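Hi everyone, thanks for coming.

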Amino acid sequence: MEYTAVIRTLGKAGEKYQTLLNSLVSQTIPPKQIIVYIAEGYPIPKETVGIERYVYVKKGMVAQRALRYDEVDTEYMLFLDDDVYLAPDAVSVLYSQIIEKNADVISPDVFDNASRSKIAGMMMTLSGRMRPRIDDGVWGYKVMRTAGYSYNSNPVKPTYLSQTNAGPCFFCSKSAFLKTRFEEELWLDECQYALGDDQVMFYKMYLSGLKVLTSYNSGIKHLDAGGNLTKEKENMLIYSDFRFKTIFWHRFIFMPEKNLLLKAWDCICIGYAFTFAFMVSLLKLKLDILTIKYNSIRDAVRFLRSDEYKRLPAIK
């Protein structure tokens with residue numbers, strides 16, 4: 001098995017990026033190539049293992065991943081952010097699992113769901129953002145009609161089917177990725193923070209008929225090279241989050257649904273999620289946050305009415 005490691009970066013991850021590069025060349029099945037897709041205008045990082053190749057592309061979480069990958073000449077690809085650590089046998093594990101389950105895509109579980117307090121977990125559930133599920137023996141992550149997701153709270157098997165996953169790392173064939181037509185979702189990059197790009201990508205893979213897995217024993221960790229959260233950044237993240245939820249719900253949940261009763265249920269679900277979010281801000285007397293949420297949803301609805309949105313190929 002030959003594969004190419006493809007990394008998206010701004011070149012700012014520092015030691016965590018070096019950790020990633022070191023772990024790649026230490027794999028029991030090392031990559032044939034390491035190709036780094038760096039945003040235009042950013043300097044090449046000093047961290048190196050001497051074999052990586054850099055390609056400049058447009059900046060954006062989607063723009064730096066939704067590529068044709070003409071530089072890749074292997075059947076398989078390992079997609080990576082610049083702040084991931086891979087155990088020495090990680091790629092071997094992912095490959096064996098994807099072959100054993102006759103799957104198309106596999107991603108390691110790097111969501112730290114267990115770290116939340118009971119109160120935080122309860123609030124996440126009530127908000128419709130994310131909720132735990134008892135192991136049903138089949139599903140890892142599932143997308144909910146609130147535009148959030150549910151997760152297996154006590155997985156006991158190495159792999160489960162999933163409708164969404166974490167985006168810092170995944171493994172699949174080049175042909176499977178191109179089938180997703182991720183370039184159609186560049187609307188995600190129109191905000192400063194393209195929140196939800198991983199959910200859009202994996203759910204689109206699932207809807208296109210690809211078999212998507214979550215691996216729970218790969219030894220892969222997300223090191224998270226994000227900077228300190230300033231008040232300005234926090235506000236922008238809130239804005240981006242509600243914009244994403246509105247558009248994702250309409251494009252991937254409401255519009256593809258053919259059953260009129262389920263369409264009505266979809267509206268109730270998103271209405272509940274947004275009402276809960278507004279009430280939390282009101283009860284906390286955070287009227288500035290309430291305004292940000294409202295403006296975000298308003299701007300998202302304007303986008304849904306735009307010619308740009310109407311030109312997007314429909315999700316079926």
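Let's begin with Y160, which counts as buried because its relative accessibility is 1%; buried means under 20% relative accessible area, exposed over 50% and partly exposed in between, with a 1.4 Å probe and protein chains only. A quick note on what you see: this is a predicted model, where local features need pLDDT of at least 70, side-chain atom pairs count only at pLDDT 80 or more, and totals for chains, interfaces and linings use all residues. Residues are numbered from 1 along each chain as its sequence is written, and side-chain values use heavy atoms, leaving out hydrogens and water.

Which residue forms an aromatic pair with Y160? That is Y216, at 5.6 Å centre to centre with 85° between the planes, an edge-to-face pair. Rings of Phe, Tyr and Trp (its six-membered ring) pair if their centres lie within 6.5 Å, and planes under 30 degrees apart count as stacked, over 60 as edge-to-face and the rest as tilted. Y160 lies in strand β10 and Y216 in the loop between β12 and β13, so the pair ties together parts 56 residues apart in sequence. Strands here are DSSP runs of E, at least two residues, and helices are runs of H or I, at least four, numbered from the N terminus. Y216 is partly exposed, at 22% relative accessible area.

Now for the helices. Q199, V200, Y203, K204 and L207 in α5 meet F244, F248, R251 and F252 in α6, where contact means heavy atoms within 4.5 Å.
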